[in-house]
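Please look through the sequence and the model below before reading on.

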Amino acid sequence: MDYFVHETAVIDNGCKIRSGTKIWHFSHIMTDCEIGESCNIGQNVVVSPGVKLGRNVKVQNNVSIYTGVICEDDVFLGPSMVFTNVINPRSAVNRRGQYAQTIVKTGASIGANATIVCGNNIGEYALVGAGAVVTKTVKPYALIVGNPAKQIGWVSEYGHRLNFKKNHIAVCPESNQEYEFNPKDNTVKRIK
Ligand SMILES: CC(C)(COP(=O)(O)OP(=O)(O)OC[C@H]1O[C@@H](n2cnc3c(N)ncnc32)[C@H](O)[C@@H]1OP(=O)(O)O)[C@@H](O)C(=O)NCCC(=O)NCCS
């Protein structure tokens with residue numbers, strides 16, 4: 001076994017867990033999950049049946065990743081953030097098998113205590129502020145906060161605010177990577 005599972009964690013049958021991953025106290029990985037290389041699954045985390053996590057996904061304490069959620073590589077899930085997978089839950093109506101899909105794209109981070117209403121994908125390298133309630137799809141590199149969450153800016157792959165100049169170019173102060181803002185479709189992409 002080239003990954004670590006704390007003695008209090010429970011791993012159900014059929015899971016594929018790749019090398020370097022660590023699974024900490026009281027966490028439960030349910031049947032047929034796939035967890036990529038070098039992930040860190042904190043304390044009291046539940047990963048529901050069939051969920052796929054990419055490589056280097058960091059899951060802080062007290063997060064449940066429900067069936068229907070996919071986390072791509074380098075995703076960060078802050079402490080006690082909340083996913084959902086049924087838009088109109090009723091205890092007396094069985095909606096098993098009708099779970100909505102939510103994709104958290106490569107490099108995206110979700111702040112502490114944020115809630116993601118299901119079906120709203122989080123774009124590459126987007127940053128969701130602490131306590132936000134996400135009710136719409138989030139664009140790549142967007143910075144969003146509040147309830148309902150609204151976009152207040154853009155962030156780099158290193159998580160810094162991007163201040164676009166008149167030429168629509170911004171430089172990340174930490175990595176020196178360059179980004180371009182496209183006003184026609186209100187999108188950002190990395191150009192260097
Ligand atoms: C969203 C975030 C990245 C913004 O950081 P920032 O760029 O330094 O932003 P500022 O602190 O300058 O705040 C800008 C504005 O947004 C507001 N704001 C910041 N974070 C907010 C949040 N989470 N929810 C609501 N409003 C928020 C500020 O009050 C401020 O409002 P104002 O302009 O009316 O004064 C940061 O506040 C945050 O929530 N980070 C996540 C932390 C976290 O959960 N980490 C988990 C690992 S421990």
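Which side chain meets that of Lys-192 in a salt bridge? The partner of Lys-192 is Glu-178, at 3.8 Å from N to O, where a salt bridge is a side-chain nitrogen of Lys or Arg within 4 Å of a carboxyl oxygen of Asp or Glu. The pair links distant parts of the chain, with Lys-192 in the segment after β24 and Glu-178 in strand β23 (residues 178-182), 14 residues apart. Lys-192 is exposed at a relative accessible area of 61%, whereas Glu-178 counts as partly exposed at 22%; buried means under 20% relative accessible area, exposed over 50%, and partly exposed in between, with a 1.4 Å probe and protein chains only.

This is a predicted model, in which local features need pLDDT of at least 70 and side-chain atom pairs count only at pLDDT 80 or more, while totals for chains, interfaces and linings use all residues. Residues are numbered from 1 along each chain as its sequence is written, and side-chain values use heavy atoms, with hydrogens and water left out.

The structure holds three salt bridges. In another of them, Glu-157 pairs with Arg-190, the closest N and O atoms being 2.9 Å apart. Because Glu-157 lies in the loop between β21 (150-154) and β22 (169-171) and Arg-190 in strand β24 (residues 187-190), this pair ties together parts that are 33 residues apart in sequence. Glu-157 is partly exposed, with a relative accessible area of 22%, and Arg-190 is also counted as partly exposed, at 37%. Asp-74 and Arg-55 form a salt bridge as well, with 3.8 Å between the closest N and O atoms. Here Asp-74 sits in the loop between β12 and β13 (76-77) and Arg-55 in the loop between β9 and β10 (58-59), 19 residues apart. Asp-74 is partly exposed at 32% relative accessibility, and Arg-55 is partly exposed at 37%.

The strands named in these locations are DSSP runs (E, at least two residues), numbered from the N terminus. Two strands pair if DSSP finds at least two bridges between them. Five strands form an open sheet with parallel pairing, in the order β3-β6-β9-β12-β15. At its edges are β3 (16-17) and β15 (102-104), each of which pairs on one side only. Within the sheet, β9 (residues 52-53) and β12 (residues 69-71) pair in the parallel sense over two bridges, and Leu-53 has Cys-71 in β12 as its bridge partner.

An antiparallel pairing joins β20 to β21 through four bridges, with Leu-143 partnered by Gly-153 in β21. These two strands form a hairpin with four residues between them, and Gly-146 in the turn has a positive phi of about 95°.

Not counting residues up to four places away in sequence, Phe-83 touches Ser-64, Ile-65, Tyr-66, Val-69, Cys-71, Leu-77, Val-104, Ile-110 and Ile-116, where contact means heavy atoms within 4.5 Å.
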